[in-house]
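Dear colleague,

Please find below the structure that I am handing over to you.

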Amino acid sequence: MPNPRQDDVAMDQYASEFDRSSSNEDAATLARLVIDEFEERIIADALGAKIDGTKAPARVVTCATRPYAMLRANDAFFQEFGLEADSSLGSSLKIIHAAATNTNVYESCLAQAGQNADGESCLVVVQLAEGKSATMQMDVKPINSGKDLERRMMMISFTSAGTLRKLEEVQADLSKGARAIVKLCSPQHITYVNQEWCAQLESDRKQFVGRSLKGLNGPATDQRVVHRLMKTVSRCMSAEATFVAYCLSGTMKLVNLRCFPLQCEAGNIDHFCADAVTCSIMSLGSVLKGTSEDPMVAISTDKKKIILHANAAFRALIDVAEGQSLSDFLNEALDGENLNAAIEDTISCASARKPNKPLLITLFDKDKKPVVAKVTLVPLVDAKFNLSHIKLSLMPVDVLSFSAACAKSDDGRPKVIAMVGTEGTIKYANAEWCSMYGLESSEVLGRGLSLIQGPSSNPKALQEVMDKVNSGKTHEITTVTYHRDGTGFLTTMQATPVLSDSGRLEM
């Protein structure tokens with residue numbers, strides 16, 4: 001394959017001579033002659049290049065200026081769009097437009113691709129063979145760098161965009177997470193937000209509808225991240241970004257936005273959906289000056305994770321000192337690996353996809369006694385709004401010991417007990433529990449609570465129990481459970497966090 005840089009030099013030399021001898025020829029003719037003389041091999045290789053070992057997609061070479069005259073194309077292009085080479089080459093690329101083509105997106109992508117060495121991409125509705133229309137991804141890249149804009153050319157590849165979500169479908173079900181629908185026309189503006197969006201961003205619908213997503217920006221927002229997100233979305237492409245955003249109340253939050261295009265019934269792509277997940281964020285200064293009564297430390301986000309500050313309540317519970325590495329503290333925790341992973345998630349902003357739900361861990365106090373504590377992690381930003389530290393708060397949780405849980409009730413009657421691990425499988429069931437369900441101990445161990453469920457059971461109720469206990473709370477429900485013979489009966493369950501005799505949280 002020839003060296004593109006050498007070809008550019010040769011092309012410029014040839015064009016200069018051509019200009020002197022044929023100054024009245026138009027730009028399209030000049031481009032054709034340049035291709036014929038120097039770049040046929042480059043274009044032929046590019047048109048036939050395979051993607052991931054499969055056949056080449058539909059590709060066409062056009063001039064880099066409007067009306068984007070088609071100069072060369074591969075067989076896949078002619079077949080995909082039902083065109084004939086003799087009648088279509090030399091025509092504008094608009095020949096493949098459909099009624100639902102968003103010309104603003106299409107024109108913007110082509111115009112900027114001619115000036116960007118890395119190329120541009122967008123989703124566009126096009127007219128295929130036999131009058132059918134489809135949404136395709138259009139990838140545009142320049143293939144030469146002649147000095148005259150009129151002589152520049154672009155390679156355009158078309159691949160299927162798959163099935164897009166329907167605007168009407170998403171509008172009908174806005175119950176999933178924090179979600180907003182945004183109109184793509186300039187200026188972009190929010191047309192609808194659901195209740196969860198308002199709750200996470202601390203406002204009401206009236207304050208969002210009609211505004212741009214840029215209304216979330218503030219002093220600590222990385223404008224480059226937001227600009228890249230909005231540029232990609234404006235091309236009808238899916239995009240994701242995490243950045244510091246501001247609620248209308250002024251509160252800072254770390255927000256992860258996942259955006260995807262929406263297609264209406266007519267085929268137009270004129271809206272996109274933005275799914276948001278947020279987590280709290282605070283300034284380092286406010287934490288250092290604060291007077292929190294809850295045990296709390298501020299930890300640096302570098303590899304050493306140095307404890308910058310530990311309040312009196314934390315030092316009274318755990319034997320740590322400022323300037324000490326967090327690894328020393330983690331060595332005193334039975335679930336240190338889980339805690340370290342959660343801290344890494346927060347540092348890398350992964351927690352914006354999984355909000356800062358409290359984590360339950362077991363650690364040892366100054367007297368080396370096991371303590372179950374609920375841990376909450378909050379990112380901290382410094383004076384320059386850089387993520388510099390993590391606030392780690394502890395809330396000790398009252399739990400039963402394994403032996404206390406298995407003891408008789410205050411009235412002397414034996415308890416009906418099953419011990420369920422945090423992963424959801426039964427680790428222990430006493431004789432009374434097995435008898436109530438007509439089961440043998442060997443049939444129970446290692447099984448899930450689905451063992452006692454049936455047609456009228458509420459599986460969500462049992463999951464709610466698991467979630468509450470894993471967050472350190474005692475929870476009680478009444479639901480229908482089933483004997484082995486199929487008889488159903490109402491059962492009241494009370495679930496409490498249980499600490500094993502070794503000091504580890506069991507359930």
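A salt bridge is taken here as a side-chain nitrogen of Lys or Arg within 4 Å of a carboxyl oxygen of Asp or Glu. In this sense Glu 120, Lys 231 and Arg 235 are linked in a network of salt bridges. Please note that the model is a predicted one.

Salt bridges

The structure holds eleven salt bridges. One of them joins the side chains of Glu 344 and Lys 305, with an N to O distance of 2.4 Å. Because Glu 344 belongs to helix H12 (residues 336-347) and Lys 305 to the loop between strand E13 (296-300) and strand E14 (307-310), the pair ties together parts that are 39 residues apart in sequence. Lys 305 is buried, at a relative accessible area of 8%, whereas Glu 344 is partly exposed, at 34%.

Arg 484 and Glu 443 form another salt bridge, in which the closest N and O atoms are 2.7 Å apart. Arg 484 lies in the loop between strand E21 (475-482) and strand E22 (488-495), and Glu 443 lies in helix H15 (residues 441-444), so this pair ties together parts that are 41 residues apart in sequence. Glu 443 is partly exposed, with a relative accessible area of 26%.

A salt bridge is also found between the side chains of Arg 165 and Glu 169, at 3.0 Å from N to O. Here Arg 165 is partly exposed, at 32% relative accessibility, and Glu 169 is partly exposed as well, at 43%.

Helix H8

Helix H8 comprises twelve residues (223-234), and its first and last C-alpha atoms are 16 Å apart, close to the 16 Å expected at 1.5 Å a residue. Val 225, Val 226, Leu 229, Met 230 and Val 233 are its buried residues. Viewed down the axis of H8, these buried residues fall within an arc of 125°, and they therefore line one face of the helix. Arg 224, His 227 and Arg 228 are exposed on the other side of H8. The cover over the buried residues includes strand E9 (239-246), strand E10 (252-263) and strand E11 (269-280).

At the N-terminal end, H8 is capped by Asp 222, which has a side-chain oxygen 3.1 Å from the backbone nitrogen of Arg 224. After H8 comes Cys 236, which has a positive phi, near 65°.

Nonpolar cores

The largest nonpolar core has 62 residues, and those with the most contacts inside it are Phe 77, Phe 81, Met 138, Phe 158, Trp 197 and Leu 257. A second, separate core has 24 residues, among them Leu 326, Phe 329, Leu 330 and Ile 390.

Beyond its neighbours within four places in sequence, Leu 257 is in contact with residues including Trp 197, Leu 213, Leu 229, Ala 239 and Phe 243. Leu 229 is one of the buried residues of H8.

Asn 194

Asn 194 sits in the loop between strand E8 (189-193) and helix H7 (195-200). Is this residue buried or exposed? Asn 194 is buried, with a relative accessible area of 4%. Its side chain reaches the backbone nitrogen of Trp 197 at 2.9 Å, and Trp 197 is among the residues with the most contacts inside the largest core. Not counting residues up to four places away in sequence, Asn 194 touches Leu 174, Lys 176, Gly 177, Ala 178, Arg 179 and Arg 205.

With kind regards

Conventions: Residues numbered from 1 in each chain as written. Predicted model: local features only at pLDDT ≥ 70, side-chain atom pairs only at ≥ 80, totals over all residues. Heavy atoms only, no water. Core = buried A, V, L, I, M, F, W, Y, C linked by side-chain atoms within 4.5 Å. Buried < 20%, exposed > 50% of the residue type's maximum accessible area, 1.4 Å probe, protein only. Contact = heavy atoms within 4.5 Å. Helix = DSSP H or I, 4+ residues; strand = E, 2+ residues; numbered from the N terminus. Expected span 1.5 Å × (residues − 1). Arc of directions from axis to C-beta. Polar contact = N/O pair within 3.5 Å; in protein donor to acceptor, adjacent residues only side chain to side chain.
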